[in-house]
Amino acid sequence: MLALGAAALVVSGLLAACSASDEGGGAARLRGEITFGVLAPLSGDMAERGQDLVDGAQLAAAELNDQGGVLGRQVKLAVEDGGCAPATGEQGATRLAAKSVAGVVGGLCENAAVAAANAVAAEGTPFLVSSARADRLIEAGLPSVFPMEGTVYQEALAAVHWMGYRSAQRVVVLADGSPASQRLSGLVTDRVKADGLTVSRQSAEANRPDLAGLVSTVTAAKADFVYWTGAAEPGGRLVSALRQAGYTGYFMASSESDSPEFLQAAGAAAEDAFLTTAAGPRLLPAAADWAARFKDRFRRDPGRDAMQAYDALRAMAQAVRQAADTAPSKVVDNLPRLEGFTTFTGTLRFAADHSLRYDNYVIAQVRGGTFTLASKLRTD
């Protein structure tokens with residue numbers, strides 16, 4: 001048995017050597033491999049989104065290999081279940097770091113992504129966090145971690161920009177009791193005040209918001225622009241209540257309402273409502289060809305997580321090309337200065353704190369009962 005095993009190893013080695021030295025006609029053979037890690041929740045309630053993320057990375061890897069690989073080497077993926085809890089995120093990231101991957105992409109659930117980021121950063125492994133919100137990752141100040149989502153402050157800026165574009169004069173910002181809603185509503189209110197507009201702010205209970213009270217606040221303020229920062233379902237009921245009360249001004253909701261629950265709760269009242277949200281393939285005409293390729297391969301439409309992971313893996317590959325090396329420190333050095341690299345929303349640049357220099361927030365609008373793109377808020 002030992003002799004047979006040794007013979008098998010020799011044959012395997014000879015075949016590998018022949019493959020590597022084959023200079024014949026036809027497509028060039030890729031020599032060796034570069035492995036990138038993919039971290040996503042593959043079990044539990046978020047498994048469907050996690051698989052979407054993995055599929056996006058797989059499509060990027062397949063296309064990179066079709067184009068000649070990276071540094072002449074084939075791109076391989078090592079996939080780990082990061083779950084949605086800190087413990088599972090740390091464990092998945094630790095397993096990937098142990099495989100000496102050139103970099104990691106993924107990260108969807110915030111708590112798991114933060115724990116994973118700390119784990120890979122301890123090893124110096126570059127990590128492009130494709131789906132999790134950026135704020136806590138940036139606050140951690142991890143030198144090898146780069147979030148590819150915008151911050152809460154950037155969403156606030158997007159909202160205030162759109163208010164100005166629509167010539168709002170009297171703004172009412174409404175929140176539920178959740179910390180995320182409170183933070184966003186506070187940032188928007190402060191920014192609107194700084195711009196010299198009249199603004200009122202009102203908070204409601206997170207679970208059972210007093211819609212009648214919120215409508216009264218809007219009516220008393222004679223508002224011409226309402227911004228809701230709370231959950232999707234009560235946001236839908238709020239815009240319905242406002243329209244029934246005779247409110248004719250603009251209504252906009254935050255990314256929390258980027259959900260069928262908002263549309264279902266609002267019904268016809270959702271028509272023409274605006275939304276600040278991170279860009280996804282259904283809102284970006286530039287992603288149509290890519291979405292068709294994805295659907296041809298996986299027999300379903302891609303979600304945002306697939307698009308973000310696809311861009312993240314391509315960005316990591318570009319950093320390896322620029323470094324001409326897979327050494328983690330060199331890849332990390334090149335991520336903040338990618339040359340001519342664009343995503344579906346435009347040029348990818350990271351600021352000094354590793355936040356996106358050009359965030360991925362867009363303005364969506366409900367037309368015909370579905371979300372459509374109103375503005376990319378970018379010129380590149």
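**Close-ups of a predicted model**

**View 1. Helices α8 and α9 cross at roughly 55°.** Helix α8 covers residues 211-221 and helix α9 covers residues 232-244, and their axes come within 10 Å. That angle makes α8 oblique to α9. As for its hand, the crossing of α8 and α9 is right-handed. On the α8 side, look for L211, L214, V215 and V218, which meet P234, R237, L238, A241 and L242 from α9. Sorted by type, the residues of this contact come out as eight nonpolar, no polar and one charged. Keep in mind for this view and the ones below that the model is predicted.

**View 2. D311 sits buried in the model.** You'll find D311 in helix α12, which takes in residues 304-323. Its relative accessible area is 2%, and since buried means under 20%, D311 counts as buried. Who are its neighbours? Leaving aside residues up to four places away in sequence, D311 touches M148, F341, T343 and F344.

**View 3. R300 and D55 join side chains in a salt bridge.** The N to O distance here is 2.6 Å. R300 lies in the loop between α11 (288-298) and α12, while D55 belongs to helix α2 (residues 47-66), so this pair ties together parts that are 245 residues apart in sequence. R300 is partly exposed at 27% relative accessibility, whereas D55 is buried at 6%.

**View 4. E80 pairs up with R95.** The closest N and O atoms of this salt bridge are 2.7 Å apart. E80 is in strand β2 (residues 74-81) and R95 is in helix α3 (residues 86-98), so the pair ties together parts that are 15 residues apart in sequence. With 11% relative accessibility, E80 counts as buried, but R95 is partly exposed at 36%.

**View 5. R367 forms a salt bridge with D272.** Here the closest N and O atoms are 3.0 Å apart. R367 is part of strand β13 (residues 361-367), and D272 lies in the loop between α10 (260-266) and β10 (274-278), so the pair ties together parts that are 95 residues apart in sequence. R367 is partly exposed, with a relative accessible area of 44%, and D272 is partly exposed too, at 39%. Across the whole structure, a search finds 19 salt bridges.

Methods. Residues numbered from 1 in each chain as written. Predicted model: local features only at pLDDT ≥ 70, side-chain atom pairs only at ≥ 80, totals over all residues. Heavy atoms only, no water. Axes fitted to C-alpha atoms, helices over the stretch in contact; angles between N-to-C directions. Helix = DSSP H or I, 4+ residues; strand = E, 2+ residues; numbered from the N terminus. Parallel < 35°, antiparallel > 145°, perpendicular 65-115°, else oblique. Left-handed = near helix turned anticlockwise from the far one by under 90°. Contact = heavy atoms within 4.5 Å. Nonpolar A, V, L, I, M, F, W, Y, C, P; charged D, E, K, R; others polar. Buried < 20%, exposed > 50% of the residue type's maximum accessible area, 1.4 Å probe, protein only. Salt bridge = Lys/Arg side-chain N within 4 Å of Asp/Glu carboxyl O.
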